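Please have the sequence and the coordinates open while reading.

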Amino acid sequence: MQAVRQCSVCASRAAAGLLRNQTDLSLLQTNKSVFRREATCIRLLSSESTRPASQTLETNPTHMSMASLSVAHGLYAVSLTQQVENLSHDSLIRRAASVVTDSSCTFLSQSTLALIDAFTDYSKAVHSRIAFQRQYLVSLGKLTPGEEESLQQAIKSWRAEASERLKECKRYESTWINAVNLCYMAAEAAISSGAQQASISLRTNLQVAQSQVEEARKMSLDAEKKLAETKVDEIQRMAEYAAFLEDGDEHEIHEAYLRED
């Protein structure tokens with residue numbers, strides 16, 4: 001009788017063990033299936049995260065669906081939460097603000113380069129005009145008519161060149177001012193959206209551009225100052241030359257009067 005009970009207990013334990021093994025096997029298969037689905041979700045999210053913002057927005061509902069599935073299963077919750085956070089409105093606004101700051105910086109650098117080149121060309125034209133004008137003043141009264149005409153033509157040519165370069169300076173300066181204002185607005189937008197690093201970088205580039213433009217403008221102002229000094233010298237030199245010619249005419253008249261006597 002006792003042997004029968006033992007057999008019965010053994011049989012019950014064996015049945016329970018068998019049932020437990022089958023349950024564990026079923027859970028294992030279910031877990032494997034869940035892991036496969038979650039791995040697929042992660043691969044899809046990883047591939048979608050490399051797409052542009054516009055394409056990411058189009059697939060946003062799918063990503064939200066995958067994230068919900070992951071949260072429901074409770075697996076890879078941290079990784080998927082980070083992926084979903086990257087698709088939030090705040091994150092997309094920060095990305096857009098960074099794009100705006102990059103574009104503004106490019107606009108600023110191009111307009112700065114154009115303005116600096118314009119100031120440089122204007123300064124060269126003014127200095128060339130000064131050089132020919134001083135040469136003419138030094139040689140005044142010593143040149144042949146052909147040489148004097150050649151110098152006069154060179155002075156007129158460089159005067160016209162300087163005038164054209166000055167117009168370019170004004171045109172590029174207007175564009176540069178617009179770029180500066182745009183950079184200020186982009187920097188403020190970046191700060192308000194949380195993209196502090198993009199704002200700091202843009203403001204640093206803005207300070208460098210302003211410093212470079214200021215140096216180029218100072219160079220052109222120095223050239224204009226020297227041109228003004230040359231004009232003063234020209235007036236003085238021409239007055240002296242006119243007085244010299246008058247003295248020469250009076251001397252010739254006096255000699256002619258003496259010869260008549």
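## Cysteines

The sulfur of Cys183 lies 6.5 Å from the closest cysteine sulfur, that of Cys105, which is too far for a bond. The structure as a whole holds zero disulfides, a disulfide being a pair of cysteine sulfur atoms within 2.5 Å.

Cys183 has a relative accessibility of 1% and counts as buried. Cys169 is buried too, at a relative accessible area of 2%. Buried means under 20% relative accessible area, exposed means over 50%, and partly exposed lies in between (1.4 Å probe, protein chains only).

## Basis of the model

This is a predicted model, in which local features need pLDDT of at least 70 and side-chain atom pairs count only at pLDDT 80 or more, while totals for chains, interfaces and linings use all residues. Residues are numbered from 1 along each chain as its sequence is written, and side-chain values use heavy atoms, with hydrogens and water left out.

## Fold and surface

The protein has seven helices and zero strands, giving the pattern α-α-α-α-α-α-α along the sequence. Helices (H or I, at least four residues) and strands (E, at least two) are DSSP runs, numbered from the N terminus.

Of the 261 residues in the protein, 25% are buried. Among contacts with a separation of 6 or more, 77% are between residues 24 or more positions apart; a contact means heavy atoms within 4.5 Å. The protein exposes about 17400 Å², of which carbon and sulfur atoms supply 57%. Accessible areas come from the Shrake-Rupley method with a 1.4 Å probe, and for residues only the protein chains shown count as cover.

## Helix 7 and the annotated region

Leu245 is placed in helix 7, residues 196–260. Leu245 counts as partly exposed, at 40% relative accessibility.

An unreviewed UniProt entry annotates residues 206–238 as "coiled-coil region". UniProt positions are given in the numbering used here, feature names are shortened, and annotations may be inferred rather than shown by experiment. In the model, residues 206–238 are 100% helix and 0% strand, with the end C-alpha atoms 48 Å apart.

## Aromatic rings

Arg171 lies over the face of Tyr172, at 4.5 Å from the ring centre. A charge sits over a ring if NZ of Lys or CZ of Arg is within 6 Å of the ring centre and within 35 degrees of the ring normal.
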